[in-house]
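Here is a short briefing on one protein model. Look over the sequence and the structure first, then read on.

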Amino acid sequence: AYDTTEGGKKQIRFVNWSNQQVYLEDDFIDIYEPDRNVPGENGNNMSGVTIDTTTQLLAGTCGDSIMFWLDEDGILHMKGRGATYNYHSKNPAPWYEYRDKIYEVDIADGITVIGNQCFGDCKNLKKVKLPDTLIRIGGNAFIRCRQLKEIVIPENIREIADYAFAATSLNKSDYLGSEERWGTVFIGKKNEQLIHCINFEY
């Protein structure tokens, strides 16, 4: 449940039946704590980067500390830190109605997780730039992106969930880490196209 401290800050209150003290690890807080410098949907400036609103088709937030904008060239940009939201058929991504206008996705460093079904059904998506900070690609993240033929997977990836690259046209996937490290990555079902064309000599 939420409550408010005397200083006016919101906090989450948990019931702990174990009678033991519970703490969050520092690295968890560092990755997932919202960055107060990242604006909400009405903000046009983040970390000193000014966004030209005159060339936007759509803009908003897609994570607690992540903003996005879709420009007239069909490039969907994401900047911020931490994880994007998860989406599904009854709660699609905010750019879903513009999915046919998306040709490229550019995700900046600082983003660690691509949520479920983020880019599903973007049938004209041809190019994706993933950040070095990425550790997880969610389920159905790029499902049915039928024009997507190439992808570069960052070295820090730990998990590629079920159906993340299902029904794409991948024929080349480059991994920036070693073959040995690739063997430690959890890869969910229906990602055979990605696995069959993986390359370690990028």
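How many cavities of 30 Å³ or more does the count come to? The count comes to one cavity of 30 Å³ or more. The model is predicted, so local features need pLDDT of at least 70, side-chain atom pairs count only at pLDDT 80 or more, and totals for chains, interfaces and linings use all residues. Residues are numbered from 1 along each chain as its sequence is written, and side-chain values use heavy atoms, with hydrogens and water left out.

**Cavity**

- A cavity here is a set of points on a 1 Å grid over the protein atoms alone, where a 1.4 Å probe fits but cannot get out.
- Grid points are joined across faces, edges and corners, and the volume is the space filled by probe spheres set on the points.
- The largest cavity has a volume of about 60 Å³.
- Its lining residues (an atom within 4 Å of a point) include Pro-92, Trp-95, Arg-99, Phe-119 and Asp-121.
- By class, seven lining residues are nonpolar, two polar and two charged.
- In this scheme Ala, Val, Leu, Ile, Met, Phe, Trp, Tyr, Cys and Pro count as nonpolar, Asp, Glu, Lys and Arg as charged, and the others, Gly among them, as polar.

- Strands are DSSP runs of E with at least two residues, numbered from the N terminus.
- Strand β6 covers residues 66-71, and six of its six residues are buried (under 20% relative accessible area, 1.4 Å probe, protein chains only).
- Ile-66, Phe-68 and Leu-70 point one way from β6, while Met-67, Trp-69 and Asp-71 point the other way.
- In a regular strand the side chains alternate between the two faces of the sheet.
- Strands pair if DSSP finds at least two bridges between them.
- β5 (residues 56-63) runs antiparallel to β6, with six bridges joining the two.
- Thr-61 stands opposite Met-67, and a hairpin through two residues joins β5 to β6.
- On the β7 side (residues 75-80), β6 pairs in the antiparallel sense over five bridges.
- Trp-69 has His-77 as its bridge partner in β7.
- Three residues lie between β6 and β7 in their hairpin, and Gly-74 in the turn has a positive phi of about 85°.

**Strand β9**

- β7 and β9 run parallel and are joined by four bridges, with Met-78 opposite Ile-107.
- β9 also pairs in the parallel sense with β11 (residues 127-129), over three bridges.
- Val-105 has Val-128 as its bridge partner in β11.

**Nonpolar core**

- A nonpolar core is a set of buried Ala, Val, Leu, Ile, Met, Phe, Trp, Tyr and Cys residues joined through side-chain atoms within 4.5 Å.
- The largest one has 40 residues, and Trp-95, Phe-119 and Ile-153 are among those that touch the most other members.
- β6 gives the largest share of this core, three residues.
- Ile-153 has contacts (heavy atoms within 4.5 Å) that include Leu-130, Phe-165 and Trp-182, not counting residues up to four places away in sequence.

**Asn-140**

- Asn-140 lies in the loop between β12 (136-137) and β13.
- Asn-140 is partly exposed, at 23% relative accessible area, which falls between the buried limit and the exposed one of over 50%.
- The C-alpha atoms of Asn-140 and Asp-121 are separated by 9.5 Å.

Notes: 1 Å grid on protein atoms, 1.4 Å probe; cavity = no way out; pocket = protein on both sides within 12 Å on 5 of 7 lines; lining within 4 Å.
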